[in-house]
Amino acid sequence: MMHSIPGRRLILGLFLVFLLLPIYWLVNMSFKTNYEIVSTMTLWPHEPTIANYARIFTDQSWYSGYINSLKYVVLNTVISISVALPAAYAFSRYRFLGDKHLFFWLLSNRMAPAAVYALPFFNLYSAIGLFDTPWAVALAHCIFNVPLAVWILEGFVSGVPREIDETAFLDGYSFPRFFMKILVPLIASGIGVAAFFCFMFSWVELLLARTLTSVDAKPISAVMTRTVSAAGMDWGLLAAAGVLTIIPGALVIWFVRNYIARGFALGRV
Amino acid sequence: MDRTVNQKAWFLVLPVFLVVAFSAVLPLMTVVNYSMQDTFGNNQFFWNGVGWFKELLDPSTDLGGRFFASLWRNLFFSAVILAIEVPLGIVVALSMPRRGWSVAACLVIMALPLLIPWNVVGTIWQIFGRPDIGLLGYVLHKIGLNYNYVSNDLDAWATVIVMDVWHWTSLVALLCYAGLKSIPDAYYQAAQIDGASRWAVFKAIQLPKMNRVLLIAVLLRFMDSFMIYTEPFVVTGGGPGNSTTFVSIELVKIALGQFDLGKAAALSLVYNLIIIIVCWVFYTVMTNAGAERQPSKGVA
């Protein structure tokens, strides 16, 4: 097989172990008592406990963090996809004044450092009364997710032959009807991938989410950083909270596993 | 498939334009405004012209010194992680199994680090590297290394770099894998008939096919490492001393820590400008590469 290189099993095996080992350690710790964590070095929990998880699921200040995070992540995904879809179609099919510059401008916003925007966003969303709501974070994350969604969807729309549009219009489809009835079903997998990426980048981002919330909409990542420093070092609880943040990603990834690479290539493989 | 000229397409792009303009242009205007002024609190502002910029670009001042130190540090960091992640990603992609359930399993495991919130990535490595409770730190101490990322510059750097390799190499590998998968089997069969060596196959077939995705990988990795904030902040807090204070960390320190709005704004603008220039270079190269291979593919 030409595809392979010598020793590939060993290389791949070592790489996967390297990826999994730190995650294993976190999971391992999350099932230990703090006493066991600090006093001995054990490769698996000798006195397994689910107390850490129980605490998160019963303490409102903990589990509301997850709900808050999910709220703005879902909001952001919906906004990003719905504005990006028509734009992706336009970029894929038409040439118009300033299209290349606009595309570049979008790309440059995907790359803009969150640190630059933290303070101005804080001012902006305070001024319009959205501070500490899921809307503030959802809109703020649009700055990198909308361009990303446009990029990915443009790649997928370009994969749909132009003849399909033309036939539909000849058959008397109006533009909105063609869009919803024909185009959207055709690029359903692309929409799935784009949604997945919006979900992912909104889920992993911390700096903006933390800056734009204080009490009511505090995301789980901020709950983690604050509670830990206030309560001394509750390692078991911290590890359990960390493990729970990995689960949503691990779940959605299964559904898009065949498209992950294409999505990361911004639909351009 | 040539794209037709249609100015009405602007109506389709308008929602995106408005959303991104609202969250990018509006805040940026605030930044430009701050960058020209000085404040002593109480919402009192004084005109300062280009004073902050002069100070920022002069390495002999305090602000300029900090800016350039964090800039070089950050560029060095980006160079190191690119030098590790790109070759490693290619090797891993070439090692991927070709078919069967193991492909899906590998893909899912590899994507896992990419989906972990960045502060949790920091937390994982913070714990993993501690000599008292972390496996890595414990093992390193057992074999006699005096590893401590909190007090030793070199150890802190090593930790941050290994963490980034752990976090992002999969991205490069996944992209390369996607590029490799798009090579038709016939190419390999032809190479086999010609009796081409493995190296020749890699150079003549696989590398050219990966060009495009590699470019995207390098662009994404450069940009994301150039604006890295959360992960090193959680692990080292920018220390020991300032040894892992990258540009974003320095910026947040000035903006939200000291509330020096003028200085922070000037730094933001220069930072953004560097990013836009690098972006533009990549974009031009990408557009040209795309135009050569697929003349019909249009924008990018």
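The questions below concern chains A and B of a predicted model and the terms used for them.

Residues are numbered from 1 along each chain as written, and chains are lettered from A in the order of writing. In this predicted model, local features need pLDDT of at least 70 and side-chain atom pairs count only at pLDDT 80 or more, while totals for chains, interfaces and linings use all residues.

Q: Why are H6(A) and H1(B) called roughly perpendicular?
A: The axes of H6 (residues 114-127) of chain A and H1(B) cross at roughly 105° and come within 9 Å. Axes are lines fitted to C-alpha atoms, for helices over the stretch in contact, with angles from 0 to 180 degrees between N-to-C directions. Angles of 65 to 115 degrees count as roughly perpendicular, so the two helices are given that name.

Q: What makes the contact of H6(A) with H1(B), by class?
A: It has 7 nonpolar, 2 polar and no charged residues. Ala, Val, Leu, Ile, Met, Phe, Trp, Tyr, Cys and Pro count as nonpolar, Asp, Glu, Lys and Arg as charged, and the others, Gly among them, as polar.

Q: Why do strand E1 of chain A and strand E1 of chain B count as a pair?
A: Pairing requires at least two DSSP bridges between the strands. E1(A) (residues 94-95) and E1(B) (residues 4-5) are joined by 2 bridges and run parallel, so they pair. A:Arg95 has B:Val5 as its bridge partner.

Q: How many residues of chain B are in contact with chain A?
A: 87 residues of chain B are in contact with 89 of chain A, where contact means C-beta atoms, placed from the backbone, within 7 Å.

Conventions
Contact = placed C-beta atoms within 7 Å. Helix = DSSP H or I, 4+ residues; strand = E, 2+ residues; numbered from the N terminus. Parallel < 35°, antiparallel > 145°, perpendicular 65-115°, else oblique.
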